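Please have a look at the structure first.

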Amino acid sequence: MLASVESPRPPIDYVPRKYKVAGALTLCLLFLGGLTCVAARSGPTANVYDDAPPQIAPRPQAITMSPEMLPDRSAGQPIQSEFAGASLDPTEDEVAAIIAKVESEEWFGVYVNGEKVGFSRIISRPARPGEPPSYLIALDEVVRSSIDGLVDVHQNDRAWRYSATKPFRLLSLETRETSTAGVITRRFSFDLEGGVLETSVDGRVERKPLAPTRETVASSLGVEPDLVAVGARSSSLSFDDVLLKDLEWQTTVARKFSRTLSGVEVPVAVLESYAPHDQSKYTAETAHLGRLLSVSMGEGFVMKAEPKRQATQGIGSMDAIHDGVAVDRPLGDPSKIRSLTLILTTGKDFAPPDGPNQRVTPVGAGRYRLELSAVPGASEQPGEREESLAPSATIDSDHATIRLAAQQIVKADDSEQARVAALVDYVARTVEDSYESNLGTASQVLARKSGDCSEHTLLFVALARAAGLPAREISGLVYASDLERSFVWHAWAEVLVDGRWVAVDPTFGEAQANATHIKLGTERDARWVAYSKLRIEWTK
């Protein structure tokens, strides 16, 4: 049996959750950040859906996921349809004019490689009578995934509340993540001095202090095509609820054109956003009054505005095994492979990372020769050590149970190699292989002791950081076996040993990962998941 095959989970863990009014991301990095805007025109608008949306037949195992699954955000009053679009970098007076009137509910279908896998809803509205003075933006999303036929439905609900007075700062963020593994809720509360995170996992509530945030509602409003010029640029800060700090997003107006929607020709602006912290790039199309038409990443991920009924029906899934990448010949026992040469085709705009253990040579458009070897990888770069020792919302290496376990597993006078080997061995022996976990924190994995490759990796990275070893999550592909004869989605780790990043696989118990591991992303950089045309060929 394959020990662990990981589908690109709707990885809230990897996703910056910032693009709220103008977009949403459901699976893996559908995000367009840093949109700022100025009050412009407002009022009712025609629908923004294409007159003839593509009809994509779901797989036979498709299921219907009801919109009634989503939380009620109405506070007892119907959600109105009042929109306003604006340009970049708004003044506070202009923001005030927008949030005083904009109230909307928008629905989106989410597609991966042409197949619908979920839906999302964005609600924006002022506070209702009886609610604290604030402006609410809520992003609720449901996606379906499977591993070799084992189905899981993931629901992620998030609600931001901003001050209704200048400077419209972020007051709170409430998140709720639901899957077959259970429910994780988090509440982030902020004032001028700082913040507090309250996390509820498996019935346990824990509190953690936070630094203050500079996020404001200005970075979450829609963009009016008529009020932006091609080439215009903007940057904004948004609080990242995984890394627990503000991150910068940069947005550029790439081009403008007209499109006919519901028989009316409307202007459309194409916005490109870039996240320096993880190199992610996203593209969005917005129409009159800031209405979002689509958000996409790479060639494979698209979130498309649809009527509520269409958005919530005909949903299929991705299967981590059936959607793997086949290879043209058997490679043998992967645990014994110390070197391997392959040709990887990725599509445009993405190249796999290069390093001593993964030599990458372009051999054509979107084609790369990979020389893989089971040796230490790249040297340490400035800032990597500190970043790879810090706790996060998911890698809770500062949790008491994680710290205690790390102290019990490793000995202070052991070499770095010995400590790494002990941690890898502990995770491999302790965590039972299960495709049904989808746990949200390392401490939760330690408590339940079950999971697939992402849970193994999550726990290892947290234990390593608690033991003083810089470690980070890696995503990519690994050869399953000659039975499957394919590379499958997988997660493993890198740990800093003697100044070099060493690949380890705690799922397979490998203190030096075998050479069939194809590294495509580090930590939150999961751009590769959006490229649907991956192909692998063996070569000498």
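Arg73 counts as buried because its relative accessibility is 16%, where buried means under 20% relative accessible area, exposed over 50% and partly exposed in between (1.4 Å probe, protein chains only). Its side chain meets that of Asp140 in a salt bridge, with 2.7 Å from N to O. A salt bridge here is a side-chain nitrogen of Lys or Arg within 4 Å of a carboxyl oxygen of Asp or Glu. The pair links distant parts of the chain, 67 residues apart: Arg73 sits in the loop between strand E1 (41-43) and strand E2 (83-85), and Asp140 in strand E5 (residues 134-147). Asp140 has 0% relative accessibility and therefore counts as buried too.

Before going further, a word on the model: it is predicted, local features need pLDDT of at least 70, side-chain atom pairs count only at pLDDT 80 or more, and totals for chains, interfaces and linings use all residues. Residues are numbered from 1 along each chain as its sequence is written, and side-chain values use heavy atoms, with hydrogens and water left out.

**Charged pairs**

How many salt bridges does a search of the whole structure find? The search finds 22. In general, side chains of opposite charge can pair when their charged atoms come close.

| Salt bridge | Closest N to O distance |
|---|---|
| Arg158 and Asp241 | 2.7 Å |

Asp241 and Arg158 form a salt bridge. Asp241 lies in the loop between strand E11 (233-240) and strand E12 (245-261), and Arg158 in strand E6 (residues 150-163), so the pair ties together parts that are 83 residues apart in sequence. Both Asp241 and Arg158 are buried. They also belong to a network of salt bridges that links Arg158, Glu177, Arg186 and Asp241.

Glu494 counts as buried because its relative accessibility is 4%, and Lys519 counts as buried because its value is 18%.

**Aromatic pairs**

Turning to the rings, a search of the whole structure finds five aromatic pairs. Rings of Phe, Tyr and Trp (its six-membered ring) pair if their centres lie within 6.5 Å; planes under 30 degrees apart count as stacked, over 60 as edge-to-face and the rest as tilted. The rings of Trp107 and Phe119 have centres 6.2 Å apart and planes at 40°, so this pair is tilted. Trp107 in strand E3 (residues 104-112) and Phe119 in strand E4 (residues 115-126) are twelve residues apart. Trp107 counts as buried at 5% relative accessibility, and Phe119 counts as buried at 0%.

For Phe188 and Phe239, the ring centres are 5.4 Å apart and the planes stand at 65°, so the pair is edge-to-face. Phe188 in strand E8 (residues 182-190) and Phe239 in strand E11 are 51 residues apart. Both Phe188 and Phe239 are buried, and ring pairs link Phe188, Phe190 and Phe239 into a cluster.

**Cores**

Phe188 and Phe239 turn up again in the largest nonpolar core, which has 40 residues; they are among those with the most contacts inside it, as are Val95, Ile99, Leu210, Val217 and Leu244. A nonpolar core is a set of buried Ala, Val, Leu, Ile, Met, Phe, Trp, Tyr and Cys residues joined through side-chain atoms within 4.5 Å. A second, separate core of 32 residues includes Leu423, Leu459, Ala462 and Ala493.

**Helix H4 and the whole chain**

The chain holds seven helices and 28 strands, taken as DSSP runs numbered from the N terminus (helices H or I, at least four residues; strands E, at least two). Helix H4 (residues 400-409) has the buried residues Ile402, Ala405, Ala406 and Ile409. Seen down the axis of H4, these fall within an arc of 100°, so they line one face of the helix; the arc is that of the directions from the helix axis to the C-beta atoms. The face turned away from the buried side carries the exposed residues Gln407 and Gln408.

Of the 540 residues of the chain, 58% count as buried.
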